[in-house]
Amino acid sequence: MSTQTPNLVELRDLKVAFDGVQVLHGINLDVAHGDALGLVGESGCGKSVTWLAALGLLPGKASVTGSVRLGGMELSTAPRPVLEKVRGKRIAMIFQDPSSSLNPVLRIGRQITEALAIHRGLTGEAARAEALRLMDMVGIPDPRRRFDQYSHEFSGGQCQRLMIAIALAGEPDLLIADEPTTALDATIQAQILDLLAELKRETGMALVFISHDLGAVSQVCESVCVMYAGRIVEQGTVDQLFSEPRHPYTRGLFDAIPRLHGTRERLIPIPGTVPNPRELPRGCAFSPRCPKASNFCHTNSPRLLLQPDGSSLACVHPVEVAGTGAGKARIFEEVMQ
Amino acid sequence: MIPLIEARGLVRIYEIRKGPFSRPQPVRAVDDLSLSVMPGETVGIVGESGSGKSTLGRMLLGIDRAQAGEVIFDGRQMPPLHSQQWRALRAKMQLVYQDPLAALDRRLTISAQIGEPLDIHGIGSKEERKERVRELMGAVGLRPDQAGRYPHELSGGQRQRAVIARALAARPSLLICDEPVSALDVSIQAQVVNMLRDLQEQNGIAMVFISHDLKVVRNIADRVAVMYLGKIVEEGSSDTIFQFPRHPYTKALVSSVPVPGKRLQGRVILQGEPPNPAARPSGCAFHPRCPLATDICRTRTPELRRIETGRTAACHLLANDLAVAA
């Protein structure tokens with residue numbers, strides 16, 4: 001969030017509407033070189049839509065306004081050939097379900113070399129050698145033997161590794177990982193998170209990690225954006241947000257996570273559900289579910305404001321910083337471990 | 001007190017073919033497994049995909065037939081699938097799946113679906129059924145005005161509430177929940193978990209709660225069984241099993257749970273792939289991924305045995321009192 005160095009990607013007032021229903025209400029977001037940014041929130045909060053819109057991947061019926069700049073180049077108005085040079089090359093994306101992103105009738109090696117040919121012009125032996133190197137890098141054992149296999153011959157975790165290999169083929173500046181570990185077993189999820197953190201360290205690429213799992217986000221990210229109903233409601237470093245969540249929604253997300261250790265307690269849910277974008281409540285979209293909402297919240301929509309500690313917050317009744325609640329102490333305890 | 005349901009030496013073998021002409025290969029989904037559930041008790045079953053959790057749940061209900069072993073429900077042997085007695089017994093044991101949209105009929109209103117078990121088992125008069133449906137909807141937190149809604153008009157959490165209401169309609173004594181909250185957001189998940197706990201306590205229902213999410217299981221179950229490749233490898237009270245895991249696999253599972261604010265460093269990340277039941281390793285099935293495996297682990301299958309009060313585990317290193325260093 002510093003303005004000294006030019007950011008890699010800058011989203012300004014990004015808005016998206018489907019059939020006249022607005023789902024994204026002006027997103028401002030910066031990703032610096034080598035940054036690791038987490039995007040969290042419940043399903044339907046606009047986490048994925050933000051990046052699909054930024055890359056021009058939404059269907060034609062979506063109307064997208066605002067500005068998306070990549071290293072000084074405007075993407076929102078860029079013609080298709082320019083966008084295609086960016087997508088997969090400078091900005092790569094991986095998705096939740098790896099087996100449906102891979103082509104079932106093409107050999108894995110061919111799918112990786114295809115990306116190498118498109119983005120780096122590598123062909124023949126050079127492409128094969130590079131593909132084997134990538135497979136080795138993402139932790140596929142015995143890549144030579146597995147080069148000619150099909151995606152069904154790989155497990156779910158390995159398919160996700162292969163997706164990451166294809167994404168890395170263009171040597172991207174930014175990798176967008178959209179719920180990359182949600183469909184995987186916990187042990188495999190830990191492996192993939194470990195791999196992403198390691199690749200980020202080695203290649204220096206920036207990472208945007210979209211997830212509803214706060215635990216997973218805190219493993220690989222340095223800063224976090226919390227989204228609710230198409231808006232950013234809180235933004236800060238992992239340490240700030242995890243030790244002292246200020247927005248009642250962020251706090252609610254933390255409190256809802258069941259604890260593995262300690263005494264068995266009743267879980268603390270957030271009442272109600274994410275509002276339908278067609279029937280957004282007046283005022284703050286979170287106010288109907290918020291324990292701290294006042295009359296003001298039901299009529300006025302709070303703006304995202306910069307806080308003294310460098311974080312941003314969109315709430316007029318934030319959770320007390322020096323709170324004495326047991327919940328706060330509990331979160332803090334785990335950060336300290 | 002006798003167990004409500006008891007499984008003894010259950011075995012389930014599926015046959016799979018790799019291609020149309022290849023010889024079928026046996027896959028031992030559940031392998032000589034015994035488990036008992038007391039009335040009103042919640043037993044959690046955890047493990048990775050392919051460990052046989054769901055097959056076990058289906059076998060407890062008698063939907064999947066056991067090739068060996070038996071299931072005793074309420075002191076009596078499980079009647080054969082689709083028999084008259086089995087159908088009657090099904091009123092007493094119900095199943096809740098992961099995907100509520102697939103479990104509901106899209107063309108029926110939710111009140112009709114919640115009342116369906118009452119129709120099937122001929123419980124109560126028409127008026128009483130209507131009253132019971134109203135009562136159930138209230139118990140799971142659905143509004144009366146939602147009675148006429150169709151499944152697609154409800155959110156994921158509301159659909160799962162409807163499925164649970166339907167499962168409770170015939171006042172079962174056993175509820176088998178197969179990943180009931182895995183598809184829900186964490187905020188909604190907490191709502192449904194609390195509700196399940198309340199309903200269970202109020203009605204004294206026994207529950208088998210199958211999930212890969214250790215955190216949820218810890219908060220709902222009294223006792224937990226950890227499965228690996230069709231076998232239980234560790235079993236104990238939910239208060240202690242995750243806090244002091246003894247089996248190396250349980251340790252790895254606990255360590256892989258991401259805790260908010262805790263960095264990756266210092267965690268045991270289990271290497272290797274989730275086990276393939278079609279290619280079961282010799283000896284202890286966990287040995288290829290086990291950091292502590294010795295020669296005996298590669299050749300001999302460890303028995304499930306008591307290692308401390310209220311705790312059983314299947315591990316050579318534990319059985320020989322070479323306690324695994326913490």
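## Contact order and burial in chain A

In this predicted model, 64% of the contacts in chain A between residues at least 6 apart in sequence join residues at least 24 apart. Buried residues account for 55% of the 337 residues of chain A.

## Fold and dimensions of chain A

Chain A contains 13 helices and 12 strands. Its radius of gyration is 21 Å, close to the 20 Å given by the globule rule for 337 residues, so chain A is as compact as a globular protein of that length.

## Domains of chain A

Two domains are assigned in chain A: domain 1 covers 9-221, and domain 2 covers 243-336. The centres of domain 1 of chain A and domain 2 of chain A, taken over C-alpha atoms, are separated by 29 Å. The contact between them involves 10 residues of domain 1 of chain A and nine residues of domain 2 of chain A, where contact denotes heavy atoms within 4.5 Å.

## Surface and charge of chain A

The accessible surface of chain A amounts to about 14500 Å². Carbon and sulfur atoms contribute 52% of this surface.

Chain A carries 34 positive and 36 negative charges.

## Fold and dimensions of chain B

In chain B, the secondary structure consists of 12 helices and 12 strands. With a radius of gyration of 21 Å, close to the 20 Å that the globule rule gives for 326 residues, chain B is therefore as compact as a globular protein of that length. The C-alpha trace of chain B extends over about 65 × 50 × 50 Å along its principal axes.

## Contacts and burial in chain B

For chain B, contacts with a separation of 6 or more were considered, and 65% of them are between residues 24 or more positions apart. Of the 326 residues in chain B, 54% are classed as buried.

## Surface and charge of chain B

Chain B exposes about 14600 Å², and 50% of that area is supplied by carbon and sulfur atoms.

The charges of chain B comprise 43 positive and 34 negative ones. A distance of 3 Å separates the mean position of the positive charges of chain B from that of the negative charges.

Key
Residues are numbered from 1 along each chain as its sequence is written. Chains are lettered from A and ligands numbered from 1 in the order in which they are written. This is a predicted model: local features need pLDDT of at least 70, side-chain atom pairs count only at pLDDT 80 or more; totals for chains, interfaces and linings use all residues. Side-chain values use heavy atoms; hydrogens and water are left out. Helices (H or I, at least four residues) and strands (E, at least two) are DSSP runs, numbered from the N terminus. The radius of gyration is taken over C-alpha atoms; the globule rule is 2.2 Å times the number of residues to the power 0.38. Buried means under 20% relative accessible area, exposed over 50%, partly exposed in between (1.4 Å probe, protein chains only). Accessible areas come from the Shrake-Rupley method with a 1.4 Å probe; for residues, only the protein chains shown count as cover. Lys and Arg count as positive and Asp and Glu as negative; His and the chain ends are not counted. The place of a charge is taken as NZ of Lys, CZ of Arg, CG of Asp or CD of Glu. Domain bounds come from an automatic or database domain assignment.
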